[in-house]
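Please open the model in your viewer and keep the selection tool handy.

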Amino acid sequence: MATTHQKIEQGARSREALLDAAIALIADGGYTATGVDAIARRSGVVKSALYWHFGSKDGLLIAALERTAREWVAEFEASVVVKAEPAQRLENMLQHVRKLFYERPDRVRLILSALIERGPENEEVREGVARIMGVMRDAIARGMSVLPIPPDRVKGLATLALQILAGAFCDYFANPDREVFEQRLKVIRKSLALFVEYEIEHAHLDARV
């Protein structure tokens, strides 16, 4: 007979297996086309466990989004938010973005699928996506915190960077040509550098007043 500890471990494993399956299937085929039966088969977990852990398919989607965000932020901060000069941090950020595009596009497809397919109908999903975008923005802001500009301006730069990268994701999915994407990265790098230079100069001018 399984002990309480064993049951807790089994429950944790089944929860993670359901999340793994949901992320893979929704990223590949979209939310609407992915049924709970397919998720249960892929995970090797009975369908009733999905409702036990998440309450509904939408609940599973939100949990999948939140786990994706946690993983992305942890990896981002490990590679970007380090003791380095601003220019190097920018390079680190773009290198992380490059890795995300090439190696983990499923994360972005999951967010896009949730927002496009469920966002218009489900406020909880919209709020979940908004939280994830906020977490990502805050992580980028922490990477920019070394800049000699006020925190509110750093937050604005981080918001701008996230919006530019979101547009780049859409472009890449429409035309997944790596050579074209590398050219886009060069433009993004130059654009962000120019905005950073402007903000630093603006901060210096404000300090003189």
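**Stop one: a serine in α2**

Start by selecting S43, which sits in helix α2, residues 36-43. Keep in mind as you look around that this is a predicted model. Is S43 buried or exposed? With a relative accessibility of 15%, S43 counts as buried, because the cut-off for buried is under 20%. Now show the side chain of S43: it reaches the backbone nitrogen of V45 at 3.2 Å.

**Stop two: an aspartate in α6**

Move on to D106, which you will find in helix α6, residues 105-118. D106 has 15% relative accessibility and so counts as buried.

**Stop three: α4 beside α7**

Finally, colour helix α4 (residues 57-79) and helix α7 (residues 123-144). Their axes come within 10 Å and cross at roughly 5°. That angle is under 35 degrees, so α4 is roughly parallel to α7.

Now show the side chains where the two helices meet. On the α4 side, select D58, L61, I62, L65, E66, A69, W72, V73, F76 and E77. Their partners in α7 are E124, V125, V129, R131, I132, V135, M136, A139, I140 and R142.

Methods: Residues numbered from 1 in each chain as written. Predicted model: local features only at pLDDT ≥ 70, side-chain atom pairs only at ≥ 80, totals over all residues. Heavy atoms only, no water. Axes fitted to C-alpha atoms, helices over the stretch in contact; angles between N-to-C directions. Helix = DSSP H or I, 4+ residues; strand = E, 2+ residues; numbered from the N terminus. Parallel < 35°, antiparallel > 145°, perpendicular 65-115°, else oblique. Contact = heavy atoms within 4.5 Å. Buried < 20%, exposed > 50% of the residue type's maximum accessible area, 1.4 Å probe, protein only. Polar contact = N/O pair within 3.5 Å; in protein donor to acceptor, adjacent residues only side chain to side chain.
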